[in-house]
Structures are given as C-alpha cells and as structure tokens.
Amino acid sequence: MKIKTNSKDIKKGDTFIAIKGYTVDGHDYIEEAINNGASKIVCEHGNYNVETIVVEDTKKYLKEYLKDNYSNLFNDMIIIGVTGTNGKTTTAYLISNMLTNLNINNSYIGTIGYYNNSKKIKDLNNTTPDILELYNLLLDSKEKNIKYIIMEVSSHSLDMDRLYGIKLDRAIFTNLTEEHLNYHKNMANYLQAKLKIIDLLKNNGCLIVNNEDKYSKYFNYKNKYTIGFKDSDFIINNYSYIDDMTKIEFKYKKNYSVKTNLKAKYNVLNYMEALITLYSLNFKINDIIDISYKLQAPNGRMETYKYKNNYIVIDYAHTPDAVEKIINAAKEYNKKIITIIGCGGGRDTSKRPIMGNLATTNSDYVIFTNDNPRDDDPDSIIKDMTCNLDNNNYEIIKDRKEAILKGLSMLDNNILLILGKGHEEYQIIGNTKYHFSDKEIVLDYIDKNR
C-alpha cells in the first residue's frame, strides 16, 4: 500500500496523509514526507509543491479510502475479534494456537505482536493497531493465503473506529472490569465502547459470551453462544489439576473431558471460549480436544517456572481484577505467596490503592516496585498504591531488577508472582524506553543458582 501516515516511512511515489493525533500533528512533517519522496499530500490545510488534496478531516478521509479500496478484499477471510478487559490475549492466542495445531493457516494480531501460524512476525505498538497498519496486516495475511485472522479488539480501537470497514465473523466477550477510566471516564462509557464490537458482526456472524461476567447480560446478538458454570450453552461441570495438567469437564449436548497445560479458573474460561469459537466455525469438538494437550498460554500470561521447591510466575496482570485472579490462582499451589507489583504511569490512578490492598491482603509478602512509570513520579505511584493499607506485610524497592532479585532470594517453598509487565521487554521511564525483561532476570537467576 502506497499510503503512509508516518513521514519516515515514505518512499518515492507514496502518498502522505497528515493525521492530527493527540501528541503529534502530521502537518508538521509534510515537508519531511516530500523530501523523502512523497508525490501526493492529503492534508487539512496548506499548499505544497506536489499534488495536494485538502480535506476537512484527514482521519475520516483515510478511513473512507481504506474501506472503499480494500475492505472488499477481506470478504473471503474469517475474522475473529476478542474484546474484554482481561483475557483478550490468552483467548485470541489460544484460538490461533488451536488452528495451528489443526494445520489451518492463521494470523494473530494483538498485544504480543503479529503472528503467522503461532510464529512471531513483528511487534506492534498497540493492542489493536491503527487503522492503516491493521489494513496492511490483513493485506499481508491475504497475500500469504491466510484465511483465519484472530485479533484483539481494545475499547480504544472500538471508540476510535480503527476497525472501520472490517466486518467480523465472530466476536468474543471475555469480561469487563475497572480499567482505562482515565480515557473512558466511567464504567458506563467503557461498556458502551466494548458493545460496539457487536456492530462489526456480519449478518451471519456469531457472538461468544462469558456468562460468568456481570456485564454479559448486555452482550446480545441473534446468533450467540454462552459459557459458564451454570445456565449457559456450554456448561463447565468441573476442573481439576492432574500431574501439572488441568482437566476440564464440560457439557454441550453431551459430556466432554479435556486436558490442557493451562492453569487457573480464568484460563479454563479462556480455553472454553476459544473452543466454542472454533466449534461455531464448524470445527469438531473432539478434534479440538485431541490437540489441546499441546496448547500453551502466550508469553507473560501465567508463565510458570519451577525452581527447586518453588514456583515463579510472570504475568501481565495490571488491573485489580487480573491481580485478584492471579493471586487466587496462586493459592491453589498451597504455598506462601510473595508478590512483586507496581502500576503504570499515565494511566487510571483510581486502581492504584485497590491493587495495593488486593496484593497485601491476599499475599503473604509484597514488594512494591516500578512498572512503567512513564512521565509520572515513581514515588507518587507507589504512594498511591500503599496509602491506607490494612497490612504492613510489604516493602518498597523502586528499582524493578532489585525488587525481582530480592523476591527470588526469599524463595523457600514459596510461589513468587511477578506482576504487571508480562511479555514486555522494555521499561518506560519518562519518555525513554529501556530494554528490560522480567523473564531474563528470572532465567539468569535460575541458571546461576541451580
């Protein structure tokens, strides 16, 4: 595609569309785009020495252009969208992983990057990319003869129309809990943004809903499957742990039993939503069950390492609901729980004291540390997390590496939870992104202390 919105990506003959964003105005980079070879400019004001089209709204122009010229190319693709506060990445990745193990070509687009057949192709800046990058990824998949696309659909992307012109064959709702309220302002607005995914469904599309979530009642469509521990189309009768595997027993018309590598109640729900999605696309339940023992959760989602008589878990949990769920899952190990946790800067501040209380109330010991402080004062973030705590079973180590090493040094028949960053290989301090990996620190420690 010869349309670009980043002047640095311009090559000779490209068209540059000047988009005014929240922090950057593309109009400031028009001359750079021309110097890099742009032969056409689309902008909201100005006159330049190349072909120039002036429009009232360049964002609207771009959306309509992409829809009119490319969306019809995706009609023969099966596009699956997953939305929810937590569980998007795991559910979407599991669907992709199931298809890969069933020898079906597929692409995953989401928080951990762009994947073809469970192999990473590139990192992405957003859970759901901006509309131009999203169209380019779909076109890339099309050129590779990939029919199935599984994408995470964030509330921001729904609110900003990043999927404009793209119709979904399946939409999945995982849950809705407090998050992104710095953007949405309240839960009512957040819910309305999530509900927009229903408008993207094709007429013959299908909605898959987690009935265990209190907001599930708002998600309705003429074709719909529900999942839950009762009063659902697919009913989970029981789940149990056997030899580091999870056995799930569920009922849909008849009883089924399956073993997976996934741990925790919430992952049982994620797995079942993935299974139902493929079932709704005419895959056989028994075929999915047969490959389920091969499935792995994505990086940084309850990523577990056995170290001597301890377990070390790296998880992306960065919301109150996710923190509570991961700690409750850890309790099933019947070991003392040490939790390392922080909060990101530039995000909803109301969740900070909630997460601090959840951590100290449900863990035996907590180390508060930096996450991605961004432009926020790290001391203020930790102060928000530790104000009015009911327990004093914690310490503060702002340097994240030092905090992780301290937690590792405390292990003695324990479980250590390292929360907040998961798969991320960076830390954002101020406006600078530094290389940082929780996983690298853990693996290096294990290797040196065998």
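Colleague: Hi! Which strands does helix α8 lie across?
Modeller: Helix α8 (residues 265-280) lies across β5 (78-83), β10 (168-173), β11 (201-210), β12 (224-228), β13 (234-242), β14 and β15, at about 130° to β13. Helices (H or I, at least four residues) and strands (E, at least two) are DSSP runs numbered from the N terminus. Angles run from 0 to 180 degrees between N-to-C directions, with axes fitted to C-alpha atoms, for helices over the stretch in contact. This is a predicted model: local features need pLDDT of at least 70, side-chain atom pairs 80 or more, while totals for chains, interfaces and linings use all residues. Residues are numbered from 1 along each chain as its sequence is written, and side-chain values use heavy atoms, without hydrogens and water.

Colleague: What's the strand order in the open sheet?
Modeller: The 11 strands run β8-β7-β6-β9-β5-β10-β11-β12-β13-β14-β15, with mixed pairing (pairing takes at least two DSSP bridges).

Colleague: And which strands stand at the edges?
Modeller: β8 (119-122) and β15 (254-260); each has a single partner strand, so one side of each lacks a neighbour in the sheet.

Colleague: How do β14 and β15 pair, parallel or antiparallel?
Modeller: Antiparallel, over 7 bridges. Lys251 stands opposite Asn255 in β15.

Colleague: New topic: how do the axes of α10 and α11 cross?
Modeller: The axes of α10 (residues 320-331) and α11 (residues 351-362) come within 9 Å and cross at roughly 10°. The two helices are therefore roughly parallel (under 35 degrees; over 145 is roughly antiparallel, 65 to 115 roughly perpendicular, the rest oblique). Their contact (heavy atoms within 4.5 Å) includes Ile327 of α10 and Leu358 of α11.
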